[in-house]
Amino acid sequence: MYRRATLSSLILAFLANAQHPGTVTPEVHPSLTWSKCTAAGGCTTQAGKVVLDANWRWYHASTGYTNCFTGNTWDATLCPDPVTCNANCVIEGVDYLSDGISTSGGSVTLKWVQGSTVGSRIYLLNNDTTYQKFTPLAQEIAIDVDASALPCGMAATVQLSEMAADGGMSTDSGNTAGAKYGVGYCDAQCPRDLKWIKGQANLLGWTVTSSTPNGAGNYGACCNEVDLFQGNSISSDFAGHSCSSSVTGLYQCSGATCGTTTSPYGGVCDPLGCEYNSYRNGATTFYGPAKTIDTSKKFTVVTRFITGTGAATGTLTEIQRLWVQNGVVIQNASVNVPGISAANSITANYCAQKESVFGDAPSFENHGGFSTLSAALKRGMVLSLSIKNDPATSFLWLDSAYPPTSPATQPGVLRGTCPTSQGNIEVIGAQSYVTFSNIRTGPIGSTTA
């Protein structure tokens, strides 16, 4: 009798602290092929799939259709506290075409606005319940990008994040949704706008501000991050973001451990990153419409992860960038700023010189820099593709003058030609989209052979 009661109590506790899938809309993942290449030449097609992030999904009452979250507000009846919310709510599958996500072979297009859906973030799957993990040290990752329809104030991103392969199902009590439903996102900004973190509703302290119009809770989801590409038709960058050595995988932060969005940042991860933006680095004719990389046409970005030994067992020392357009391999633009060596990649020396000349905080180094980022890449990271805006800064730090109050003549302030007042991007960019295609990975030199 005692044993039966104990088992029942355990079951109830499990259900009360859970992130469970619903049954209204089946979750059917669109196919997306990608390729593994070899040093000997040639690439082998892999049968992948994509899944939409959990934050873009419908959460509703398990006993009906009432929204648990509408707009930027939690339902006070269904979600008065995390435990009750977890017991009352389920996460649903999605109709990908209705959400502006379409695939064809090795190509995927993300629309900015589709019905009531704005923006999206998807992940590459290994199978229906597991994310594809990449360990790219001493290797390269290439992807074709068509950003021609992305205006100022918007960005397409190709990103690696140290997410759990199963979306946290094996570690987060009661999480039965996992990677199949796009659960488990994290990055070095320690985002607090995630509705669920580690299987728990993130509703405590939920507030809505001008910089977080969708709302943000007390907790954030932190992890190491590499931005393989972040850009629009005007400007782009690539960057490394490190976290303290204590952060392995998704770390749930709160308070000071989440850090801030302004210097000295603090927290367990580096939100600033050591970034390489060719325009900011003085190569103002390199990237954009009718420039060396002509963004009115499709181009390929190749990211190389160079180690000190040249082997995957070595430590990351450099992140290189190559471009390919119209069948021509194009070297990345070199820095043209006094005080910074004429390099064209991210190294420890580049990061230190850039920080000194531009006045950037040494946040990357303070969180372990190449050492902790290298360890994360050895453990493996998940690839995400997204189209997004930036309510906090309107992406001025990517494509305009930032900070906007600083003199444009100050080194590092200008990052592109966009105005500092960009209007309502949800209206201006309503017809915008990005297409990613031809994802491939392999030893250095294999994806461009």
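Visitor: Among contacts between residues at least 6 apart in sequence, what percentage join residues at least 24 apart?
Guide: The model is predicted: local features need pLDDT of at least 70, side-chain atom pairs count only at pLDDT 80 or more, and totals for chains, interfaces and linings use all residues. Residues are numbered from 1 along each chain as its sequence is written, and side-chain values use heavy atoms, with hydrogens and water left out. A contact means heavy atoms within 4.5 Å. Of the contacts between residues at least 6 apart in sequence, the part joining residues at least 24 apart is 72%.

Visitor: What is the radius of gyration of the protein?
Guide: The radius is taken over C-alpha atoms, and the globule rule is 2.2 Å times the number of residues to the power 0.38. Because the protein has 449 residues, a compact globule would have a radius near 22 Å, and the protein agrees with a value of 22 Å.

Visitor: What share of the 449 residues is buried?
Guide: Buried means under 20% relative accessible area, exposed over 50%, and partly exposed in between, with a 1.4 Å probe and protein chains only. By that rule, the buried share of the 449 residues is 53%.

Visitor: How many helices and strands does the protein have?
Guide: Helices (H or I, at least four residues) and strands (E, at least two) are DSSP runs, numbered from the N terminus. The secondary structure comes to seven helices and 31 strands.

Visitor: Which residue of β20 stands opposite T157?
Guide: T157 belongs to one side of β16, together with A155, Q159 and S161, while A156, V158 and L160 lie on the other, and all of these are buried. Two strands pair if DSSP finds at least two bridges between them. β16 (residues 155-161) is antiparallel to β30 (residues 381-388), to which seven bridges join it, and T157 stands opposite S386 there. β16 also pairs with β20 (residues 225-231) in the antiparallel sense over six bridges, where the residue opposite T157 is Q230.

Visitor: In β7, which residue is the bridge partner of H60?
Guide: An open sheet of three strands has the order β1-β7-β4, with mixed pairing. Its edge strands, β1 (20-21) and β4 (59-61), each pair on one side only. Three bridges join β4 to β7 (residues 89-91) in an antiparallel run, and the partner of H60 in β7 is V90.

Visitor: Against which elements do the buried residues of α3 pack?
Guide: In α3 (residues 348-358), the buried residues are Y350, C351, Q353, K354, E355 and F358. Just after this helix, G359 takes a positive phi of about 80 degrees. The buried residues of α3 pack against β23 (274-276), β29 (346-347) and α4 (363-366).

Visitor: What distance separates the C-alpha atoms of C222 and A188?
Guide: C222 has its place in β19 (residues 219-222), and C222 counts as buried because its relative accessibility is 0%. Not counting residues up to four places away in sequence, C222 touches several residues, including C186, C190, C253 and C269. A188 is 34 residues from C222 along the chain, yet their C-alpha atoms are separated by 5.4 Å.
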